[in-house]
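Reader: I would like to learn how to read this structure feature by feature. Could you walk me through it?

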Amino acid sequence: MRTFLDENFLLLNKTAQQLYHEYAKPMPVIDYHCHLPQQQIAEDLQFKNLTQVWLYGDHYKWRAMRTNGVDESYCTGNKSDKEKFEQWAATVPYTLRNPLYHWTHLELQRYFGVHDILNPQTAGKIYDTCTALLQTKEYSVRNLLRRMNVKMVCTTDDPVDSLEYHIQLKKEGFEIPILPAFRPDHAMNVAKPELFNQYLKKLEAVSNISISSFDDFLYALQSRHDFFASAGCSVSDHGLEELYAEDFTGSEIDSIFNKVHGGKQLSETEQRKFKSAMLVHFAEWDWEKGWVQQFHLGAMRNNNSRMLQQLGPDTGWDSIGDFSQGRALSSFLNKLDSDNKLAKTIIYNLNPADNELMATMLGNFNDGSVAGKIQFGSGWWFLDQKDGMIKQMNALSNMGLISKFVGMLTDSRSFLSYPRHEYFRRLLCNLFGEEIENGELPADIEWVGSVIQDICYRNARSYFGWQSITPAQ
């Protein structure tokens, strides 16, 4: 019987173990998509206790606690940090076979050297030990990144964001580049005219451009796109249920903008046409600047209207959706490709039923101009766990080239999430190791190890054009 979470965790044979320990483990981390709060990096924050770094804002843990019968006051409410941690510790034993069980104990081991199993009996000792460490300088936010060998972080930022902390960090010369990503979801959200027009006011303020027409709107957004580029941005990101690729004319979009700008409700068709137009404009700007565009597809958000009203979005009430993805994805990519304006693109899929669809669709637009130009992104959100990652890697392997894959990212708001890269790397090495030992792949450890290092680090470094700001390995 193996020991829980030992050094060969998830590595089920000698070849997998060699591939991980000699090739994957030493590679640095490029976290090219996350939601880390850049202000905390700029201020080099020190968390006061384990709850603050571990439970604040973590809707994965909140969902588990709610399912375990824990009252909301211990998740997002006014209970003390110690009480919230105790309820999480009481929940952890019941997360067996949920990835939270692995992540929890990996994080305790990798950051704090704690190998105890978290439960109500060990909660006090673990809380005190980790809290004491967090109050030392070695556990400041920047040192947490250094501890995990992170060499690049790309955050997620709205066009109206000031990027002041990115600019501050760059001026300061912090050795881990913290770069912004342009995420204009709010600029496309015309379902509620009142909210859209509130957003327009913010856009007017930061761009210093008066917006009274669709052309003004585009001009203001493009000025922000330019500003992001000046701050080191070379990546965009979109969180969508599905891609939108409706036919539209310029006069239609002008009319639709005037209607929503006037406070009138748009029809479903008008909303889809507007979103389709905006996606084309954003994609063309990305292509002009040589950026990478990312699309996170398939989340059905804010399902619980009562809790949305009470707590707001991003508090744990989202799920996998079952949207029809193929035709619109094909039309969108084809339009850009036909105009020779298709930027490097990563598509993240949330519904595992669409894995093969995504893998085969993206292969239609790899034109040989860039290795892995159109990427099938790693297992995302509900799929960034053992089963989801393996299914994504198998679909990519069977229908594309996993050797050109840009690998893992955290997609996290927590500075303790970097063991997810280790989790991914162990699964990756086990897949290759198993097939080598089965005689399905040649036992050329040096070559396979080099491919694994590419997937873990070098492919992303090259794909995003970050060779000059991340160290060579």
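**Pocket, core and cysteines**

Author: Nineteen is the count to keep in mind: 19 residues line the second largest pocket, and Leu10, Arg97, His102, Lys386 and Tyr423 are the ones nearest its centre. On a 1 Å grid over the protein atoms alone, a pocket is an open set of points where a 1.4 Å probe fits, with protein on both sides within 12 Å along at least five of seven lines, and a lining residue has an atom within 4 Å of a point. This is a predicted model, in which local features need pLDDT of at least 70 and side-chain atom pairs pLDDT 80 or more, while totals for chains, interfaces and linings use all residues. Residues are numbered from 1 along each chain as its sequence is written, and side-chain values use heavy atoms, without hydrogens or water.

Reader: Which helix gives the most to the lining of the second largest pocket?

Author: That is α19, with 5 residues. Helices here are DSSP runs of H or I with at least four residues, and strands are E runs of at least two, numbered from the N terminus. α6 (99-112), α18 (386-399) and α19 (419-437) each supply at least two lining residues. By type, the lining divides into 11 nonpolar, 4 polar and 4 charged residues.

Reader: How should I read the largest nonpolar core, and which residues touch the most other members?

Author: In soluble globular proteins, nonpolar side chains tend to be buried together. A nonpolar core is a set of buried Ala, Val, Leu, Ile, Met, Phe, Trp, Tyr and Cys residues joined through side-chain atoms within 4.5 Å; buried means under 20% relative accessible area, exposed over 50%, and partly exposed in between, with a 1.4 Å probe and protein chains only. Here the largest core has 151 residues, and Leu50 and Phe217 touch the most other members. Helix α20 (residues 445-463) gives the most to this core, with 9 residues. Leaving aside residues up to four places away in sequence, the contacts of Leu50 (heavy atoms within 4.5 Å) include Phe85, Phe112 and Cys130.

Reader: How many disulfides are there?

Author: A disulfide is a pair of cysteine sulfur atoms within 2.5 Å, and the search of the whole structure finds 0. Cysteine 456 has its closest cysteine sulfur in cysteine 429, at 6.0 Å, too far for a bond. Cysteine 456 is buried, at 8% relative accessibility, and cysteine 130 is buried at 0%.

Note on methods
Nonpolar A, V, L, I, M, F, W, Y, C, P; charged D, E, K, R; others polar.
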